[in-house]
Amino acid sequence: MATANRRRRIPSPPSTASFSRSPTVATDPPPYFLPELIPEVARRLTSLQDFFALRAACRAYRALLPLTPSNLASQTPLLLVPCDDFESHALLHLPLRRIHRFRLPRTGLGATHDVVTEVRTFGCRVAISNTHYSRPPKRDLTIVHLLTGERVCLPSPTRVFDRILLSGDLVVSWEYDHIIYCRVGAPKWRMASISLANDLYNLILVKDNLYALVNPGQRVALVDLPDENNNNGLKLTFLGGGFDIQEDGRVFSLSECRGELLLVIFSKGSEGLFHVLQWQSEEGKWVRITNLGGRTLFFAGSCFSGCLGPDHPGIRGDCIYVTTSRFRCMFSLVNKSLDGVATFSLREEPYRCPPLWVFPSMC
């Protein structure tokens, strides 16, 4: 009876940094591979579980495999999706059909019914924004590295904005005619505004330059943020003229490939039809391109997530991968075909936002 009533222990789900943890042992076993072969072995692994299992084999392997883009270059992009009550999340490895569950770290606002959490991914980092709808509204913003668990807490913004851009140590958020920005480690945010005649729609950082899609007219502009000694508003320098795309129901999004500024146009009128324009700075105009040099663009909804390739394992080149709250698709610029991305369902509530891309190779 004692045996029958004994409870079975259920292992807890892995935490955010569980991949990088290594068991503590008195002595390490002798390495199976020669140390000089370890980087070559790691370059053939496309699963984080396999990579961290190899890294945890002994101290010599851990020393040879720091978390760098070159060591993780072969890792396949993952999809971050919310599950259950949105406190639990999963990383989906689509080609291998593997699921890694974990909980995002809690922030300092506490769990109340007045807190709304937004999550955005940037390479292998996640920005967790909790908005507390008090009077006045408050927000805390935490940046978490998914592989190491390292956390950086930013000062509370003076305004509540919904859109966030992260590049290096610069964090930018915007709404209509205002931008707030902050460097990691800075004591406070700074704010700058543009004329009420313009509306900031989409922003991207390319080679330390900030670009914006501006309404009306869906124009692209180079944005100059004021320096610390200048409290003036934003300066916009518009790039080129119109676009030679004659279709209704279009959605525009800025992106980049090989350090070049791109404008991707999603056509709603013809499902599956995407147009890619590249900014030619020397000629001062937008030029339509039909290939990405073997590289691949990724979008969560209409927001640019990243660019990989060429010849990245498990990823088709010259394609655009898009996730929305309803579907995941891949569009080929070569043959203009639209294919569904293989996936499988989780026990989850309807998405508040599209599944988000996570890129281990951008650690």
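The following legends describe close-up views of a predicted model. Local features are reported only where pLDDT is at least 70, and side-chain atom pairs only at pLDDT 80 or more, whereas totals for chains, interfaces and linings use all residues. Residues are numbered from 1 along each chain as its sequence is written, and side-chain values use heavy atoms, with hydrogens and water left out.

View 1. The largest pocket holds about 1,000 Å³ of space. A pocket is an open set of points, on a 1 Å grid over the protein atoms alone, with protein on both sides within 12 Å along at least five of seven lines; a 1.4 Å probe is used, and lining residues have an atom within 4 Å of a point. Grid points are joined across faces, edges and corners, and the volume is the space filled by probe spheres set on the points. The lining of the largest pocket comprises 43 residues, and those nearest its centre are Phe-122, Leu-165, Phe-304, Ser-305 and Gly-306. Two or more lining residues come from each of strands S4 (115–122), S8 (163–167), S12 (199–206), S16 (250–257) and S21 (303–308). Helices (H or I, at least four residues) and strands (E, at least two) are DSSP runs, numbered from the N terminus. Sorted by class, the lining has 23 nonpolar, twelve polar and eight charged residues. Here Ala, Val, Leu, Ile, Met, Phe, Trp, Tyr, Cys and Pro count as nonpolar, Asp, Glu, Lys and Arg as charged, and the others, Gly among them, as polar.

**View 2. The loop between S21 and S22.** Pro-310 belongs to the loop between S21 and strand S22 (319–323), and a cis peptide bond, with omega about 0°, joins Gly-309 to Pro-310. Asp-311 lies in the loop between S21 and S22 and has a positive phi, near 60°, in a residue other than glycine. Asp-311 is exposed, at a relative accessible area of 74%; exposed means over 50%, buried under 20% and partly exposed in between (1.4 Å probe, protein chains only). Asp-318 is also found in the loop between S21 and S22, and its phi is likewise positive, near 55°. With 14% relative accessibility, however, Asp-318 counts as buried.

**View 3. The salt bridge between Arg-316 and Asp-339.** The side chains of Arg-316 and Asp-339 meet in a salt bridge, 3.4 Å from N to O. A salt bridge is a side-chain nitrogen of Lys or Arg within 4 Å of a carboxyl oxygen of Asp or Glu. Arg-316 lies in the loop between S21 and S22 and Asp-339 in strand S24 (residues 338–340), so the pair ties together parts that are 23 residues apart in sequence. Arg-316 is partly exposed, at 37% relative accessible area, and Asp-339 is partly exposed, at 32%.

View 4. Between Glu-40 and Arg-43, the closest N and O atoms are 3.0 Å apart; between Glu-40 and Arg-44, the N to O distance is 3.3 Å. Glu-40 is partly exposed at 33% relative accessibility, as is Arg-43 at 46%, whereas Arg-44 is exposed at 65%. The whole structure contains five salt bridges.

**View 5. A nonpolar surface patch.** Phe-33, Leu-34 and Leu-37 form a nonpolar patch on the surface, and together they have about 260 Å² of accessible area. Patches are made of residues with over 30% relative accessible area and no salt bridge; like charges are joined within 9 Å, and nonpolar side chains (Val, Leu, Ile, Met, Phe, Trp, Tyr) within 5 Å. Accessible areas come from the Shrake-Rupley method with a 1.4 Å probe, and for residues only the protein chains shown count as cover. Leu-37 lies in the loop between helix H1 (2–5) and helix H2 (38–42) and is partly exposed, at 40% relative accessibility.

View 6. Ala-90, in strand S2 (residues 88–93), is buried at 0% relative accessibility. Ala-90 and Leu-79 are eleven residues apart in sequence, and their C-alpha atoms are 7.8 Å apart. Trp-357, in strand S25 (residues 356–358), is buried at 4% relative accessibility. Trp-357 and Leu-78 are 279 residues apart in sequence, with a C-alpha to C-alpha distance of 5.8 Å.
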